[in-house]
Amino acid sequence: MRDTRRTRIVLAVLLLSAMTFIILDLRGGEGSLTDRMRSSAAAIFGPVERAAAAVVRPVSNFVDGVTSIGSNDERIAALEQENDSLQLQLRTSELDRNRARELDDLLKIAGLGRYRIVPAEVIAVGSERGFVRTVTVDAGSRDGITIDQTVLNGDGLVGRVTSVGPSTATILLLNDPSFAVGARLAGTMEIGAVRGQGREPLALEVLNPQAEVAVGDALVTLGSRDGRPFVPGVPIGEVYRVAATPGALTRTALVRPYVDFTTLSLVGIVVQPPRRDPRDSVLPSPPAPSPAPSTSTSPSPSPGTSTSPSPSP
Amino acid sequence: MTFTRIMLNVAVAVTAVVLQLTVVNPLDLPGGGPDLPLLGLVGLALVQGPITGAVTGFAIGLMLDVVPPADGAIGQWALVLCLVGYVTGLVGPDVRGSALRVVALVAGLSAVEVLAYAAIGLIFGAPGVTGPAVLEATLGTVGYDVLLAPFVVPPLMALARRVESDPMWA
């Protein structure tokens with residue numbers, strides 16, 4: 001253990017193997033050694049992560065709900081206990097309601113765009129120290145997930161599938177700096193590219209330098225050939241600042257994504273693209289288009305989007 | 001001794017990596033929050049010496065490289081954590097006596113780890129490695145690791161020492 005010569009040999013061997021791995025991985029290719037390492041790791045650790053996520057969720061919920069019981073009076077203790085259990089019930093029912101709402105939103109957006117989706121839950125998140133933004137979800141090749149499928153949630157585009165294990169899949173998020181997606185301005189139909197910038201908002205480049213880009217313009221995905229990696233019509237975000245770039249070949253703007261990447265939990269993976277481009281019919285409805293009389297007491301006036309006729313191609 | 005040591009290190013490595021991915025990272029703390037694999041590695045390598053430190057670091061790093069949702073080049077974390085384990089093992093006899101020195105070592109290694117990983121990423125052209133991102137990751141990691149080190153490293157050192165010396169475990 002203290003033999004420095006032996007120690008150095010071991011260290012040198014390990015460092016060389018690490019570098020070999022890096023170079024092999026950068027050369028990449030289907031079925032390469034590193035590719036196989038990744039897929040076996042997904043097969044082994046996918047179930048472990050699923051189990052860990054399943055354990056962690058109720059436990060953290062429970063810790064949140066239970067307050068300390070330290071009273072000298074038994075009656076107070078009993079009441080507090082009852083209170084705690086009721087609070088816990090309330091909190092879990094709230095959690096259930098939230099999840100039901102997320103699922104509702106997801107189904108609505110899938111219905112509007114006629115995407116066929118597989119719902120999945122985020123079970124693991126990549127570290128910021130890795131300088132990439134990725135998450136793992138609990139659906140994999142067994143559920144029909146393959147590489148380069150579009151991932152969305154009730155708000156809009158989340159990312160695309162980059163690798164798949166038997167029961168898990170890894171998603172590259174829209175705000176990753178290596179992420180790029182073709183986009184269409186919903187109003188003017190101008191096309192451009194949206195790039196992720198980490199914690200910063202997304203960057204939009206519109207191909208036509210004369211295009212009118214205004215704050216508040218909504219963006220949807222342009223769609224790729226055969227819907228891979230992107231199906232058309234998924235809401236991406238809203239322009240919130242337009243850069244003045246006189247003389248540049250493209251117009252640039254900053255875009256705020258619809259999806260909140262810090263609270264990602266339920267997502268949908270599009271396993272079958274729509275037959276027709278849904279254009280911008282999937283975009284969130286603009287806030288209060290007509291001031292309705294406020295006499296109605298029903299809690300959720302339906303926006304009526306489900307009754308609108310299907311968009312023309 | 002060797003077998004129980006391997007069992008201990010495998011258990012610590014798997015636990016640290018899985019907890020990091022499923023519990024710590026979803027909290028979305030600035031800089032990625034505390035680095036449990038690094039803390040686990042330091043706790044073990046301080047007692048077990050440079051060779052075991054380097055091998056354990058390599059193994060933990062390789063796990064971080066391949067376990068989903070990892071997306072960097074395979075071998076990147078292995079390279080960095082192998083060095084971290086080696087250095088920890090080398091300075092172990094001088095450091096492990098004082099809690100203050102252990103925390104200082106954790107702070108230094110956390111910074112070195114993030115910067116070294118970023119440097120490798122930069123060489124191979126990873127688009128996410130930018131000045132502000134590196135700064136945030138370094139400061140965040142060092143801060144959270146220093147806060148958490150007193151609760152994680154000493155118990156692990158005690159456990160490793162016990163496995164090393166107790167004839168019942170041998």
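**Chain B: burial and fold**

Of the 170 residues that make up chain B, 59% count as buried in this predicted model. Chain B contains five helices and zero strands, and when its elements are read along the sequence they follow the pattern α-α-α-α-α. The radius of gyration of chain B is 15 Å, close to the 15 Å given by the globule rule for 170 residues, so chain B is as compact as a globular protein of that length.

The C-alpha trace of chain B spans about 50 × 30 × 30 Å along its principal axes. Among the contacts in chain B with a separation of 6 or more, 72% are accounted for by residues 24 or more positions apart.

**Where chain A meets chain B**

In the predicted model, 48 residues of chain A are in contact with 44 residues of chain B. On the side of chain A that touches chain B, at least two residues each are supplied by the helices α1 (4-27) and α2 (33-65) and by the strands β1 (116-125), β2 (134-137), β4 (157-164) and β5 (169-173). The largest share of that side comes from α2(A), which provides twelve residues.

**Make-up of the chain A side**

Which classes of residue form the side of chain A that touches chain B? Sorted by class, this side has 26 nonpolar residues, together with 16 polar and six charged ones.

Definitions and conventions: Residues are numbered from 1 along each chain as its sequence is written. Chains are lettered from A and ligands numbered from 1 in the order in which they are written. This is a predicted model: local features need pLDDT of at least 70, side-chain atom pairs count only at pLDDT 80 or more; totals for chains, interfaces and linings use all residues. Two residues are in contact if their C-beta atoms, placed from the backbone, lie within 7 Å. Helices (H or I, at least four residues) and strands (E, at least two) are DSSP runs, numbered from the N terminus. Ala, Val, Leu, Ile, Met, Phe, Trp, Tyr, Cys and Pro count as nonpolar, Asp, Glu, Lys and Arg as charged, and the others, Gly among them, as polar. The radius of gyration is taken over C-alpha atoms; the globule rule is 2.2 Å times the number of residues to the power 0.38. A residue is buried if 20 or more other C-beta atoms lie within 10 Å of its own, exposed if 12 or fewer, and partly exposed in between; C-beta atoms are placed from the backbone.
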